[in-house]
Amino acid sequence: MIVSRAVTANLTKASWIRRMFEEGARLKQERGADKVFDFTLGNPEIEPPPAVLAAAKRVLESDAPHLHAYMPNAGHVKVREAVARRVSKATGLTYTANHIVMTVGAGAALNTVLKALLDPGDEVITVAPFFAEYVFYAENHGGRLVVVPPKADLTPDIAKLAAAITPKTRAILVNSPNNPSGVIYPESTFREIEALLADASQPIVVISDEPYRALVFDDVKVPEVPPLVTRSIVATSWSKSLAIPGERIGYLAFSPRMPEATELFEACTFTSRVLGFVNAPALWQWVVAEVGDLVIDVAPYREKRDLMYAGLTKIGYRCVKPQGAFYVFTRTPIDDDVAFVRMLADEGVLTVPGSGFGMPGHIRISLTVERETVVRGLPGFERAFRKARGETF
């Protein structure tokens with residue numbers, strides 16, 4: 001066997017998201033694209049704001065020297081200063097360029113910081129449901145992901161978090177607005193986590209994975225974690241807020257309240273390099289320095305959220321109404337979510353089983369589709385629901 005045993009084993013449990021996306025391509029070829037409703041992949045269907053593309057064009061056409069050359073592994077100093085000013089304004093804390101590491105998207109940010117934190121056998125706690133790749137990100141660096149069940153509203157259960165902490169715990173990894181649920185963790189949650197960590201016998205950092213921060217509905221406010229949690233690291237990207245997931249540009253921000261901030265900045269500058277990322281894309285560093293505070297229009301996602309949530313609950317599905325991101329995470333009418341995903345596929349509707357996000361008995365529905373796809377896909381959701389419950393439709 002030429003492929004490692006570890007990778008071979010992981011391939012068997014690898015991303016359901018990509019697997020169902022590929023199933024969608026097959027069904028579209030068999031049945032025709034107009035008869036398949038693909039809600040699998042969180043790939044923004046809208047284009048980036050014109051100002052973002054204009055900024056990229058200006059950088060590409062600029063004759064300024066060395067715009068595309070190597071730079072410090074943490075990123076261009078001027079870019080990091082621009083990001084630090086934004087983070088300082090948002091949090092009320094004093095960030096500098098030496099609190100920011102530019103990264104190749106949020107995925108690279110997480111791998112960079114986990115590489116810096118973990119020794120073999122160390123543990124990272126997260127709360128279900130969680131982004132499926134977290135398991136592999138922890139394992140990449142010799143760690144182990146410990147999954148804690150949530151409360152009924154899909155927010156963290158602090159008592160269960162406390163019970164999960166061991167001498168091997170190095171980090172708590174949270175994602176709010178959450179993928180796949182769209183739930184936003186309240187400020188009280190982070191205050192409780194701060195109190196919990198104050199009593200821990202070893203330093204534990206909170207890593208806040210925030211690529212959906214700007215995609216919120218109903219005037220809900222996403223709490224800023226650094227003012228609430230002393231040892232906090234924000235990992236984020238512009239993939240969703242600017243609709244540029246293929247460009248892979250993000251950053252790590254180490255709270256200036258954290259005693260180890262300088263140490264972690266230096267460590268992550270090193271780990272980003274040795275993991276092969278070297279530095280974030282130069283072109284997109286300059287772009288986000290200029291226009292990184294822009295946000296796409298979230299109104300179409302809010303409308304599709306409302307349509308899908310109302311349609312599903314009318315049918316009889318049960319789910320927590322998403323407050324952000326662009327997903328709906330609903331309970332399945334039978335316990336076997338994988339079997340129900342297959343029933344939906346028979347109706348031409350493609351979704352992802354909750355098992356892949358650490359919560360069997362659920363499915364994730366991505367809203368990165370046209371409005372008409374939501375409207376035309378709902379009858380398939382109803383047919384599968386009725387069949388699963390043995391009802392006549």
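Predicted model: local features only at pLDDT ≥ 70, side-chain atom pairs only at ≥ 80, totals over all residues.

Q: Good. Where does P177 sit, then?
A: P177 is in the loop that runs between strand 5 (169-175) and helix 8 (187-198).

Q: And what kind of peptide bond joins S176 and P177?
A: The bond between S176 and P177 is cis, with an omega of about -5 degrees. A cis bond also leads from A128 to P129, where omega is near -10 degrees, and P129 belongs to the loop between strand 3 (123-127) and helix 6 (134-140).

Q: Staying with the backbone, what is phi of D218 near?
A: Phi of D218 is near 60 degrees, which is a positive value in a residue other than glycine. D218 lies in the loop between strand 6 (205-209) and strand 7 (232-237). A325 also has a phi near 60 degrees, again a positive value in a residue other than glycine, and A325 is found in the loop between helix 11 (299-315) and strand 9 (327-331).

Q: Is A325 buried or exposed?
A: A325 counts as buried, because its relative accessibility is 1%. D218, at 45% relative accessibility, counts as partly exposed.

Q: Changing topic, how do helix 5 and helix 9 pack?
A: Two packed helices are described by the angle between their axes and the distance between the axes. Helix 5 (residues 105-117) and helix 9 (residues 261-274) pack at about 115 degrees, and their axes are 8 Å apart. The two helices are therefore roughly perpendicular to each other, and the crossing of helix 5 and helix 9 is right-handed.

Q: What about helix 3 and helix 10, at what angle do they pack?
A: For helix 3 (residues 50-61) and helix 10 (residues 282-291) the angle is about 130 degrees, with 9 Å between the axes. That angle makes helix 3 oblique to helix 10, and helix 3 passes helix 10 in a right-handed crossing.

Q: How far apart are A82 and V288, in sequence and in space?
A: A82 and V288 are 206 residues apart in sequence, while their C-alpha atoms are 8.8 Å apart in space. A82 lies in helix 4 (residues 77-91), and A82 counts as buried because its relative accessibility is 7%.

Q: On to charges: how many salt bridges are there in the whole structure?
A: A search of the whole structure finds 19 salt bridges. As background, side chains of opposite charge can pair when their charged atoms come close.

Q: Which residue does R191 pair with?
A: R191 forms a salt bridge with E187, and the closest N and O atoms of the pair are 2.7 Å apart. Because R191 and E187 are four residues apart in helix 8, about one helical turn separates them. R191 is partly exposed, with a relative accessible area of 49%, and E187 is partly exposed as well, at 38%.

Q: What links R305 and D306?
A: The side chains of R305 and D306 meet in a salt bridge, at 2.7 Å from N to O. R305 counts as buried at 0% relative accessibility, whereas D306, at 32%, counts as partly exposed.

Q: And which residue forms a salt bridge with R383?
A: R383 forms one with E347, with the closest N and O atoms 2.7 Å apart. This pair links distant parts of the chain, 36 residues apart, since R383 is in helix 13 (residues 371-388) and E347 is in the loop between helix 12 (337-346) and strand 10 (349-350).

Q: Is E347 buried or exposed?
A: E347 is buried, as its relative accessible area is 12% and buried means under 20%. R383, at 27% relative accessibility, counts as partly exposed.

Q: Which residues are linked in a network of salt bridges?
A: That network links E382, R386, R389 and E391.

Q: Last one: which residues form a nonpolar patch on the surface?
A: The patch is formed by M1, I2, V3, V7 and L11, and together these residues have about 600 Å² of accessible area. I2 lies in the segment before helix 1 (5-12), and I2 is exposed, with a relative accessible area of 87%.

Notes. Residues numbered from 1 in each chain as written. Heavy atoms only, no water. Patch = residues over 30% accessible without salt bridge, like charges linked within 9 Å, V, L, I, M, F, W, Y side chains within 5 Å. Areas by Shrake-Rupley, 256 points an atom, 1.4 Å probe, with all protein chains shown as cover. Salt bridge = Lys/Arg side-chain N within 4 Å of Asp/Glu carboxyl O. Buried < 20%, exposed > 50% of the residue type's maximum accessible area, 1.4 Å probe, protein only. Axes fitted to C-alpha atoms, helices over the stretch in contact; angles between N-to-C directions. Parallel < 35°, antiparallel > 145°, perpendicular 65-115°, else oblique. Left-handed = near helix turned anticlockwise from the far one by under 90°.
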